[in-house]
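Please open the structure in your viewer and keep the sequence panel beside it.

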Amino acid sequence: MPVRLYLNSVGKSFVMHLQDGISLPVVSNVDFAVETGECVVLGGPSGAGKSSILKMIYGNYRCDEGQILVVRGPDDIVNIADAAPRRMLALRQDTIGYVSQFLRVIPRVSAVDVVAEPLIGQGADERTATARARELLARLNVPEGLWSLPPATFSGGEQQRVNIARGFIANYPVLLLDEPTASLDAANRAVVVELVDEKKAQGVAMLGILHDLDVRERIADRIIDVTNFRQAA
Amino acid sequence: MTDQTTMLEPNFVPYQENDEPLLRVSGVTRYYGDRLGCTDISFNLWPGEVLAIVGESGSGKTTLLNCLSTRLAPTAGAIEYRMRDGSMRDLYQLTEADRRLLMRTDWGFVHQSPADGLRMTVSAGANVGERLMAVGNRHYGNIRATATDWLERVEIATDRIDDPPRAFSGGMRQRLQIARNLVTHPRLVFMDEPTGGLDVSVQARLLDMMRRLVADLGLSVIIVTHDLAVARLLSHRIMVMRHGKVIETGLTDQVLDDPREPYSQLLVSSILQA
């Protein structure tokens with residue numbers, strides 16, 4: 001299977017200038033690839049650097065060492081470690097999606113529009129995107145009465161499911177999953193498993209953090225232990 | 001404003017590989033006598049991009065904004081702007097008349113204090129209509145219809161069209177100032193602390209409105225703010241200034257989530273968590 005995402009000797013540390021410039025090593029020599037149609041899960045205890053790896057790929061965190069290569073098109077391989085901000089924004093629009101636990105509510109925008117937005121951003125017309133958004137909200141058991149309301153007042157679980165719908169709606173060839181099933185009930189966890197399976201069938205390369213063993217077992221094709229990438233003290 | 005659930009990501013910029021910048025800034029420096037305002041500032045701004053300039057009072061961010069918007073001539077450096085005909089022109093080589101036309105038509109400037117950007121004693125409708133007349137509109141009915149439309153877009157009740165901004169609340173005045181600036185469909189808007197001095201709830205509404213208008217109109221914006229939550233909400237890219245210099249620049253969430261410079265780390269760690 002062709003490689004979609006390749007981390008080549010990636011390293012990261014935080015220099016804390018407010019604490020006498022101490023350097024906190026996070027990870028080093030991170031080296032793995034994710035192929036199309038597979039779901040790779042990062043394993044290891046809390047604090048091992050799993051989230052930092054996802055954030056470096058999405059560009060929230062800088063990558064200090066090595067390369068993060070993502071295939072954007074047949075002749076377009078981007079190194080995220082040195083991509084210009086505009087390039088990174090373009091990647092987030094058409095190549096890399098991020099499903100996190102926290103919904104970033106857009107004030108006064110309805111749930112269905114919040115969900116549809118990334119698909120419209122990829123050029124879909126509003127009607128198609130809205131129809132797809134409704135379908136996903138229904139599958140994730142968000143009550144229909146809420147769809148036209150802004151999610152600010154929804155319960156934590158409802159907001160999370162709106163965010164999952166938003167994360168899965170668009171057609172990203174690479175999808176990062178940051179604990180998408182945390183605190184979901186069994187029925188909704190099963191829906192997320194189905195959504196991941198559908199993305200696999202479409203050839204999406206996925207990299208995730210999943211503490212939920214039952215979900216992990218069902219969707220992970222491989223588990224990479226992040227503790228192997230810890231820096232020697 | 002810093003609460004997770006109230007944050008949002010700014011809309012995406014349309015990206016083309018061969019895009020030309022709208023504004024090209026090289027080595028801009030401004031001294032006030034011996035005192036430094038800002039020094040050696042260089043960056044590009046692309047169409048549809050929102051750039052936030054952050055830093056504490058006295059860091060030089062307003063000096064820079066005034067240089068960029070031709071309100072204050074730089075001591076050294078060049079600022080080039082892509083005109084509507086596609087040509088790149090040095091702003092300080094333009095004639096005074098050309099520069100004024102640019103400021104009236106292709107640009108907007110939103111001041112922190114609405115009183116600096118509005119005529120406080122003439123009606124709201126006339127405040128919006130004046131910019132239209134400046135670009136050659138003469139038909140009273142059309143001007144009034146457009147002004148009404150813009151009051152609606154900034155959520156001011158249209159039965160207030162004949163009231164002067166003196167009779168408006170602070171938040172309404174600021175929304176009116178935005179309508180006045182956007183009515184001519186500018187391509188570049190400068191904003192100087194547009195939410196400063198407003199109540200938090202009023203700020204949230206204004207920010208939400210600005211975010212929508214910027215996205216709908218495809219505006220390029222340079223916004224000066226000391227409020228990092230405003231920068232996160234509106235901007236794609238951030239420049240952190242200190243002592244007249246740009247000390248850190250990058251993607252907004254990267255600079256805020258993973259600040260590198262000691263001063264940026266101090267700024268980010270100083271935010272009160274709501």
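Begin inside the protein, where the second largest cavity has a volume of about 40 Å³. A cavity here is a set of points, on a 1 Å grid over the protein atoms alone, where a 1.4 Å probe fits but cannot get out, while a pocket is an open set with protein on both sides within 12 Å along at least five of seven lines, and lining residues have an atom within 4 Å of a point. Grid points are joined across faces, edges and corners, and the volume is the space filled by probe spheres set on them.

Before going further, note that this is a predicted model, in which local features need pLDDT of at least 70 and side-chain atom pairs count only at pLDDT 80 or more, whereas totals for chains, interfaces and linings use all residues. Residues are numbered from 1 along each chain as its sequence is written, chains are lettered from A and ligands numbered from 1 in the order in which they are written, and side-chain values use heavy atoms, with hydrogens and water left out.

**Stop 1: the cavity lining.** Select Val50(B), Met191(B), Met210(B), Val214(B), Val221(B), Ile223(B) and Leu234(B), which line the second largest cavity. By class, this lining has seven nonpolar, no polar and no charged residues, where Ala, Val, Leu, Ile, Met, Phe, Trp, Tyr, Cys and Pro count as nonpolar, Asp, Glu, Lys and Arg as charged, and the others, Gly among them, as polar. Helix H7 (200–217) and strand E8 (220–225) of chain B each supply at least two of the lining residues; helices (H or I, at least four residues) and strands (E, at least two) are DSSP runs numbered from the N terminus. Over the whole structure, the search finds two cavities of 30 Å³ or more.

**Stop 2: the second largest pocket.** Two or more lining residues come from each of helix H2 (96–105), strand E6 (107–110), helix H3 (114–117), helix H4 (124–134) and helix H6 (170–182) of chain B, and H2(B) gives the largest share, five residues. The lining of this pocket divides into six nonpolar, seven polar and ten charged residues.

**Stop 3: the sheet of chain B.** Colour the strands of chain B in the order E6-E7-E8-E3-E9-E10, and you have an open sheet of six strands with mixed pairing; two strands pair if DSSP finds at least two bridges between them. E6 and strand E10 (245–251) of chain B stand at the edges, each with a single partner strand, so one side of each is left without a neighbour in the sheet.

**Stop 4: two cysteines.** How far is the sulfur of Cys38(B) from the closest cysteine sulfur? That sulfur belongs to Cys67(B) and is 4.8 Å away, too far for a bond, since a disulfide is a pair of cysteine sulfur atoms within 2.5 Å. By this rule the count is zero disulfides over all chains. Cys38(B) counts as buried at 0% relative accessibility, and Cys67(B) is likewise buried at 0%, where buried means under 20% relative accessible area, exposed over 50% and partly exposed in between (1.4 Å probe, protein chains only).

**Stop 5: the sheet of chain A.** Finish with chain A, where four strands form an open antiparallel sheet in the order E2-E1-E4-E5, with E2 and strand E5 (76–79) as the edge strands, each pairing on one side only.

- Strand E1 (residues 3–16) and strand E2 (residues 22–35) of chain A pair in the antiparallel sense over ten bridges, and Phe14(A) stands opposite Leu24(A) in E2(A).
- E1(A) and E2(A) form a hairpin with five residues between them, and Asp20(A) in the turn has a positive phi of about 60°.
- E1(A) also pairs with strand E4 (residues 65–73) of chain A, in the antiparallel sense over five bridges; here Asn8(A) stands opposite Gln67(A).
- A hairpin joins E4(A) to E5(A) through two residues, and Val71(A) stands opposite Ile77(A) in E5(A).
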